[in-house]
Amino acid sequence: MRILVIEDEPKIARAVKQGLELKGFAVDIVSDAESGLSYGTDPSYDVVVLDRMLPGKMDGVELCRKLRDDGINTPVIMLTARGTIGDRVEGLDSGADDYLVKPFSFDELTARVRALLRRPANQVGTELKVGDLSLDTNNYAVKRGKTPVKLSHKEFALLEYLMHHPGQVITKDMIINHVWDEDADILPNTVEVYIGYLRNKIDRPFSKQKPLLHTLRGFGYKLEA
Ligand code: CA
């Protein structure tokens, strides 16, 4: 899943990017509200982490309001140094879905990002399920039936994205946009390679079960039981 971080303090932005990448997310950073507005309208992002205090004319609250006015409903977590009830209410009223006061623990940010990704849910608790395949976003455990499946970071990220859209046709472009960040030089071939890796781990060893990962030649892929 891909996350947009709008934060003007480079240290915090870098730390958030690194931390979220370790958890398997693709992360892009912008440092001002104007870029935040243009990036924020890109449907490739699954969650926006938005700093409330931004330099320039527009602050985080106003930016969030503009995104909502433009019909963008990507979940937004607002970061702020200010934690009074009035500030929190203003943030949420502007259309933010959640609110986190600086300094925050990294685990809490990740947990809140995860919580937002569960809405609207085909997910109960922290587990995604398609057929007998399960993926637990809390402890990064993937299983087919009762058999654990070991995935690399990117394979996990790819599978998580597919499991958020069961039964839907997912194009290579959608995968590139939601699983890799903007700095990654990804060719459609790379997606095929990763789909191959994934198939070798979730379908091929389970020849008695029906395959879950389907290729629709010329269209894309579908994860379906
Ligand atoms: Ca700031």
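The domain assignment divides the protein chain into two parts, domain 1 (2-116) and domain 2 (123-223). The model examined here is a predicted one. Taken over C-alpha atoms, the centres of domain 1 and domain 2 are separated by 27 Å. To the contact, domain 1 contributes 15 residues and domain 2 contributes 12 residues.

How much area is buried between domain 1 and domain 2? The value is about 1,200 Å², and carbon and sulfur atoms give 36% of that area. On the side of domain 1, the residues that lose the most area to domain 2 are Arg-2, Gly-24 and Arg-114. Together, Arg-2, Gly-24 and Arg-114 account for 40% of what the domain 1 side buries.

The interface of domain 1 and domain 2 is crossed by 2 salt bridges. A salt bridge also joins the side chains of Asp-181 and Lys-17, with 3.4 Å from N to O.

Which elements give two or more residues to the side of domain 1 that touches domain 2? They are the helix α1 (10-22) and the strand β2 (26-30). Sorted by class, the residues on this side of domain 1 comprise 7 charged, 6 nonpolar and 2 polar ones.

Definitions and conventions: Residues numbered from 1 in each chain as written. Predicted model: local features only at pLDDT ≥ 70, side-chain atom pairs only at ≥ 80, totals over all residues. Heavy atoms only, no water. Domains from an automatic or database assignment. Contact = heavy atoms within 4.5 Å. Buried area = accessible area lost by both parts, 1.4 Å probe. Salt bridge = Lys/Arg side-chain N within 4 Å of Asp/Glu carboxyl O. Helix = DSSP H or I, 4+ residues; strand = E, 2+ residues; numbered from the N terminus. Nonpolar A, V, L, I, M, F, W, Y, C, P; charged D, E, K, R; others polar.
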